[in-house]
Amino acid sequence: MEIIKKISVIKKYPRPVVALGMFDGVHLGHATVIRHAVDKARAIDGTAVVFTFANHPLSVIAPDDAPLMIGSKSLRREILADMGVDVLIEIPFTKDFSRKSPEEFLELLQDKIAPAYVVTGQNYTFGRYGRGNGRMLLREGENYGFRAEVCQTFTVDRKTVSSTRIRALIAAGDLETANQLLGRHFTYAGEVVNGDRRGRKLGFPTANLEIADHRAMLPNGAYIVRVKVRGELFNGIANIGDNPTFKVARRRLEVFIDKFSGDIYGEEIFVSFISKLREEKTFASVEELKAQLNEDLRLMRNATD
């Protein structure tokens, strides 16, 4: 998949079919739009293109209202590539871009990409003040050289699948429902940073990830996870929290990767949450903590065998 990060280097491709959206988390509703665009591109021997932003528009328009992001850019890229997207246009959303009228945005699409089709979801808006929408695309698309197709809202149990709903489920710790609406396991991608190396002394070396302030995260506790390291999958145990036994102040994600050894400091790993093991605890002694970790490991191995 080709990734384009600047408007100035966008190229024209054969018969582009462009999916428009933020696609944070790439949940089941997003997947409907993207798969429709990919299928349409294959049907016309064209190019499947996703046009999105590197940052959420609200982070520029109204920073205090910007939502926590469900996924990282690297995770979104990996999912889109797996779905068959040929080109990802992932440009920064800026103050200048926020001033574009809906008509100017459509002119940009026509001038830079010249799409044959544009595909969106029903709730997609564009242009200054979000005045552009699916109805405008259907009405005006042919004036800009493309046909528009607006996908129906995706529902589960008669409720709309949305990033807002999934963020609330993650914050509430309803991992099972969040995973159902995502169509995959909730995944946190991050770079491994230096920790206190206490886990190594306990026989449970951990990969430590900082929890970014702009990212959605589950409540504190221990979880069964699956970890992608250098393209390989491993089972593991993750702890989210402040490590109260050792009075660590900053909340972080610590991951024990089962049956893996190696120096991965500075590397990005993908931690997918399968289920919750227990709440975070404060232990009276190091021995008590080690006994609990061994019990967590036993439960994780039984669950993943």
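This is a predicted model: local features need pLDDT of at least 70, side-chain atom pairs count only at pLDDT 80 or more; totals for chains, interfaces and linings use all residues.
Residues are numbered from 1 along each chain as its sequence is written, and side-chain values use heavy atoms, with hydrogens and water left out.

**The whole chain**

Switch to a cartoon view. The protein chain has 10 helices and 16 strands; helices (H or I, at least four residues) and strands (E, at least two) are DSSP runs, numbered from the N terminus. Along its principal axes, the C-alpha trace spans about 70 × 40 × 40 Å.

Of the 305 residues, 48% are buried. Buried means under 20% relative accessible area, exposed over 50%, and partly exposed in between (1.4 Å probe, protein chains only).

**The cores**

Select L253 and F273. These two have the most contacts inside the largest nonpolar core, which has 33 residues. The elements giving two or more residues to this core include the helices α7 (163-172) and α8 (175-182) and the strands β15 (252-257) and β16 (268-278). A nonpolar core is a set of buried Ala, Val, Leu, Ile, Met, Phe, Trp, Tyr and Cys residues joined through side-chain atoms within 4.5 Å.

Next select Y13, M22, M69 and L137, which are among the 29 residues of a second, separate core. In soluble globular proteins, nonpolar side chains tend to be buried together.

**V227**

Select V227, in strand β13. Is V227 buried or exposed? V227 has a relative accessible area of 0%, so it is buried. Now show what surrounds V227: leaving aside neighbours within four places in sequence, its contacts include F234, V255, I257 and F270.

**Two loop residues**

Move to Y129, in the loop between β6 (125-126) and β7 (132-133). Y129 is not a glycine, yet its phi is positive, near 60°. Most residues other than glycine have a negative phi. With a relative accessible area of 70%, Y129 is exposed.

Finish at R158, in the loop between β9 (155-156) and β10 (159-160). R158 is not a glycine either, and its phi is positive at about 65°. The relative accessible area of R158 is 85%, so R158 is exposed.

Methods: Contact means heavy atoms within 4.5 Å.
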